[in-house]
Amino acid sequence: MTQLTQLLAELQERFGADADAAIGEQALENVRVAYLGRNGEVTKIRRTIGTLPAAERPGAGKAINDAVAAMEERLKAAQAAVESRAVDAELAASIDVTFPAIAPAAGSIHPVRRIIEESCDYFMRHGFAVVVGPEAEPDYYNFDALNIPSDHPSRESFDSFWLTDSVLLRPHTSPMQIRTMQEHRPPIAIVAPGKCFRRDALDARHLFQFHQVEGLLVADDIHFGHLKGMLTGLCRELFGSGQRVRFRPSYFPFTEPSAEVDTTCPKCRGESAEGRCSLCGGSGWIELGGAGMVHPNVLREVGYDPDVYSGWAFGFGVERLGLARYRVDDIRRFISSEPDFLAQLS
Ligand code: DAH
């Protein structure tokens, strides 16, 4: 009996090793036949039962059956392993490692960002510094210091998203003029790009969150001609060398005199028959923002003597520049997150 147990144990061990070593279904089938087949090793052992004393035969039969059950389990596991190796091999054969890879989809710089960068580059080349500041501003920076007292009617158009009684999301980048002048003495030459917020209803020309580029130059003897030169240069940089700029008299509390600044419509160049241009509505001009000579009250507020220093300032809408630059007739497309559309604009 012990002899039989030992024999079966050895047999199972050999069987396991052979099953593991079998490569492919046929090889495994050969192992099965050699051990469990009609004339296999197990059958040979079974035939010896007859030589045992009658009392030992049932026990021997059970031991052999248990061994067979264990070997069949083992066989199933080996079959599963052979099958999965076959799938791996098939897969490996089907992968062509010389095939060109699919390029990952790379994003592109957003057109608004690109215009900010190009505008800042232009001013930096002319000796201006780029400054950025908070998007939530106390009303002092946003209004009072810019010569807009609390009862001034022009607060109305800027009066937008208040966070507390005295702090609001800035509706323009002009507060950066005050922040910079309070920190530094003239000469001052800065550009301040950034986000702005206003309670405007969304349409083809308005967003409630948009970007501006603010500019400020304060030194001795600065005049309106310097402003015209710099802004004409900016438009030529962004739109091409033939670009023209128009200054219309306007009003801002923080400048005197003040102007609205337009540039030639790059789509129709002012030549659309019967005013049918979808970009400028036929006027031939696109409005970019406001500008002017810094108001003496603003200079006084930051401790500069208006008899000694003068300066100009401007604030342009970046999305407005985008409309002209990319000839897009709906400003909402810039926030539409359409990668195909955005990738076309460069
Ligand atoms: N802050 C003005 C606005 O958002 C635009 C502006 C006008 C900025 C004149 C200036 C300026 O710096 O001088 O409507």
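**Strands and surface patches**

Lys267 has 39% relative accessibility, so Lys267 counts as partly exposed (buried is under 20% relative accessible area, exposed over 50%, partly exposed in between, with a 1.4 Å probe and protein chains only). The model is predicted: local features need pLDDT of at least 70, side-chain atom pairs count only at pLDDT 80 or more, and totals for chains, interfaces and linings use all residues. Residues are numbered from 1 along each chain as its sequence is written, and side-chain values use heavy atoms, without hydrogens and water.

Lys267 sits in the loop between strand E7 (255-264) and strand E8 (285-294). Strands are DSSP runs of at least two residues, numbered from the N terminus. Together with Arg244, Arg269 and Arg327, Lys267 forms a positive surface patch. Patch residues have over 30% relative accessible area and no salt bridge; like charges are joined within 9 Å, nonpolar side chains within 5 Å. A salt bridge is a side-chain nitrogen of Lys or Arg within 4 Å of a carboxyl oxygen of Asp or Glu.

Now turn to strand E4 (residues 188-197). In E4, 8 of its 10 residues are buried. Strand E1 (residues 129-130) runs parallel to E4, joined by 2 bridges. Two strands pair if DSSP finds at least two bridges between them. Here Ala129 faces Ile190 of E4. Strand E5 (residues 209-219) pairs with E4 in the antiparallel sense, over 10 bridges. Cys196 has Phe210 in E5 as its bridge partner.

The loop between E4 and E5 holds Leu202. Leu202 is at 41% relative accessibility and therefore counts as partly exposed. Phe161, Leu202, Phe208 and Ile335 make up a nonpolar surface patch, with about 360 Å² of accessible area together.

Terms used: Accessible areas come from the Shrake-Rupley method with a 1.4 Å probe; for residues, only the protein chains shown count as cover. Lys and Arg count as positive and Asp and Glu as negative; His and the chain ends are not counted. The place of a charge is taken as NZ of Lys, CZ of Arg, CG of Asp or CD of Glu. Helices (H or I, at least four residues) and strands (E, at least two) are DSSP runs, numbered from the N terminus.
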